[in-house]
Amino acid sequence: MKHIAQLIGFSIFGFILHELAHLLAALSLGHEAIIRINSVSVLTNPPTFDRILIDLAGPLMTIALAAVGLWGVMSRNSVMGFNLLVAMTAQRSLAAGVSLLANPNDEYRIGEALGIGVWTVHLAVLVVLGGMLFSAISKVRPGWMYLLWAWIGISIGVSLAVFGEPYLPSMHFGST
């Protein structure tokens, strides 16, 4: 239970940085965009290559955050690092589920645009994150109680970000 606030925070923080990566990619490629806590809308019509780069930026940010968490676990035996890694892995796992059920996301669109299958990039991202998590689990050795509280904390954080989006401000960047 002592980690629940950290897991909520990392879940929300992960959403923000993931979307910020999409925004920065769009802006660096010269596109106008709107950012929200759980999405970025590119207002111009980017060519396929730009769209792939914009879509790829978010998952790469999430993997980078997970790598920071893994570094904390492996170099400092940091439970905070483990919480960050768990939250980022859960975020992309949930994104894969959402793509399956309702709304194709970043990895899905990248795979489709590259013609390599809509689940190929999802699988690659989840294998990388799963490998990091497996390495960290062998060092931290969380118990079942941790898993329960991690699920609760991440569920709260994700719910706040996803369902709170309509109530939070959006910001418009680029030419007007």
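## Terms and basis of the model

In this report Ala, Val, Leu, Ile, Met, Phe, Trp, Tyr, Cys and Pro count as nonpolar, Asp, Glu, Lys and Arg as charged, and the others, Gly among them, as polar. The model is predicted, so that local features need pLDDT of at least 70 and side-chain atom pairs count only at pLDDT 80 or more, while totals for chains, interfaces and linings use all residues. Residues are numbered from 1 along each chain as its sequence is written, and side-chain values use heavy atoms, with hydrogens and water left out.

## The largest pocket

A pocket is here an open set of points on a 1 Å grid over the protein atoms alone, where a 1.4 Å probe fits and protein lies on both sides within 12 Å along at least five of seven lines; its lining residues have an atom within 4 Å of a point. The largest pocket holds about 470 Å³ of space, a volume being the space filled by probe spheres set on grid points that are joined across faces, edges and corners. It is lined by 22 residues, and Glu19, Asn38, Asn103, Asn105 and Asp106 are the closest to its centre.

Helices (H or I, at least four residues) and strands (E, at least two) are DSSP runs, numbered from the N terminus. Two or more lining residues of the largest pocket come from each of α1 (4-28), β2 (39-42), α2 (48-76), α3 (79-101), α4 (106-114) and α6 (144-164), and the largest share, five residues, belongs to α3. By residue class, the lining of the largest pocket divides into nine nonpolar, seven polar and six charged residues.

## The second largest pocket

About 190 Å³ of space lies in the second largest pocket. Its lining has 13 residues, of which Ile16, Ile35, Arg36, Ile37 and Met171 lie nearest its centre. The elements that contribute two or more residues to this lining are α1, β1 (33-36) and β3 (171-173), with the largest share, five residues, supplied by α1. The lining of the second largest pocket consists of 10 nonpolar residues, one polar residue and two charged residues.

## Strand pairing

Two strands are said to pair if DSSP finds at least two bridges between them. β1 pairs with β2 in the antiparallel sense over four bridges, and a hairpin of two residues joins β1 to β2. Within this pairing, Ile35 has Val40 of β2 as its bridge partner. β1 also pairs with β3 in the antiparallel sense, over three bridges, and here Ile34 stands opposite His172 of β3.

## Loop residues with positive phi, and Thr48

Accessibility is described as buried under 20% relative accessible area, exposed over 50%, and partly exposed in between (1.4 Å probe, protein chains only). Asn77, which lies in the loop between α2 and α3, has a phi near 50°, a positive value in a residue other than glycine. Asn77 counts as partly exposed because its relative accessible area is 46%. Arg141, in the loop between α5 (120-140) and α6, likewise is not a glycine and has a positive phi of about 55°. Arg141 is classed as exposed because its relative accessible area is 64%.

Thr48 is placed in helix α2, and it counts as partly exposed because its relative accessibility is 48%. The C-alpha atoms of Thr48 and Lys2 are separated by 45 Å, the two residues being 46 residues apart along the chain.
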